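Please look at the sequence and the model together.

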Amino acid sequence: MRDLETRADIELFMKTFYEKLLADPKISYIFTDVAKIDLEAHLPHLTDFWEQSILRKGSYKKNVLQIHKDLNAKELLTNIHFETWLNHFNTTVDSLFVGDNTERIKTVALSIATVMKIKIYT
């Protein structure tokens with residue numbers, strides 16, 4: 001296996017990751033029933049976010065925290081949701097890649113999840 005290095009790598013990761021999330025009943029309803037995401041339309045935005053966060057490319061400008069605060073106003077995001085999301089995130093990236101960027105994306109994901117929980121619950 002190789003490291004997460006390109007936009008195409010992030011696209012593959014996001015597609016695989018969201019397929020797992022949407023198959024998990026503990027969290028899938030958040031995406032399908034509450035946020036009502038169109039995965040094909042949403043994937044480029046997810047890829048933009050992670051490409052900027054990890055590869056330092058792109059110009060993602062949306063307020064991720066506000067998006068999740070708005071979602072939390074519709075459906076309480078619980079610790080189980082965050083733990084499930086993070087578990088799928090880590091196991092998916094580890095199944096596809098290995099290296100510095102792979103470790104970095106897991107660290108960034110944990111940091112984002114932690115900050116979101118603090119900001120959403122306060």
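What radius of gyration would a compact globule with 122 residues have, and what does the protein chain have? The globule would have a value near 14 Å, and the protein chain has 14 Å, which agrees; the radius is taken over C-alpha atoms, and the globule rule is 2.2 Å times the number of residues to the power 0.38. This is a predicted model, in which local features need pLDDT of at least 70 and side-chain atom pairs count only at pLDDT 80 or more, while totals for chains, interfaces and linings use all residues. Residues are numbered from 1 along each chain as its sequence is written, and side-chain values use heavy atoms, with hydrogens and water left out.

The C-alpha trace spans about 40 × 30 × 25 Å along its principal axes. The protein chain has 6 helices and 0 strands, where helices (H or I, at least four residues) and strands (E, at least two) are DSSP runs numbered from the N terminus. Of the 122 residues, 40% count as buried; buried means under 20% relative accessible area, exposed over 50% and partly exposed in between, with a 1.4 Å probe and protein chains only.

In soluble globular proteins, nonpolar side chains tend to be buried together. Here the largest nonpolar core has 33 residues; such a core is a set of buried Ala, Val, Leu, Ile, Met, Phe, Trp, Tyr and Cys residues joined through side-chain atoms within 4.5 Å. Helices α1 (7–23), α2 (28–34), α3 (39–55), α4 (64–74), α5 (79–96) and α6 (100–121) each give two or more residues to this core, and the largest share, 7 residues, comes from α3. Among the residues with the most contacts inside the core is Trp50. Leaving aside neighbours within four places in sequence, Trp50 is in contact (heavy atoms within 4.5 Å) with residues including Met14, Trp85, Phe89 and Ile112.

How do α5 and α6 pack? Their axes are 10 Å apart, at an angle of about 170 degrees; axes are lines fitted to C-alpha atoms, for helices over the stretch in contact, and angles run from 0 to 180 degrees between N-to-C directions. The two helices are therefore roughly antiparallel to each other, a term for angles over 145 degrees. Among the residues of α5 that meet α6 are Phe82, Trp85 and Val93.

Thr102 lies in helix α6 and counts as buried because its relative accessibility is 0%. Beyond its neighbours within four places in sequence, Thr102 is in contact with Asp3, Leu4, Val93, Asp94 and Phe97.

Methods: Angles under 35 degrees count as roughly parallel, over 145 as roughly antiparallel, 65 to 115 as roughly perpendicular and the rest as oblique.
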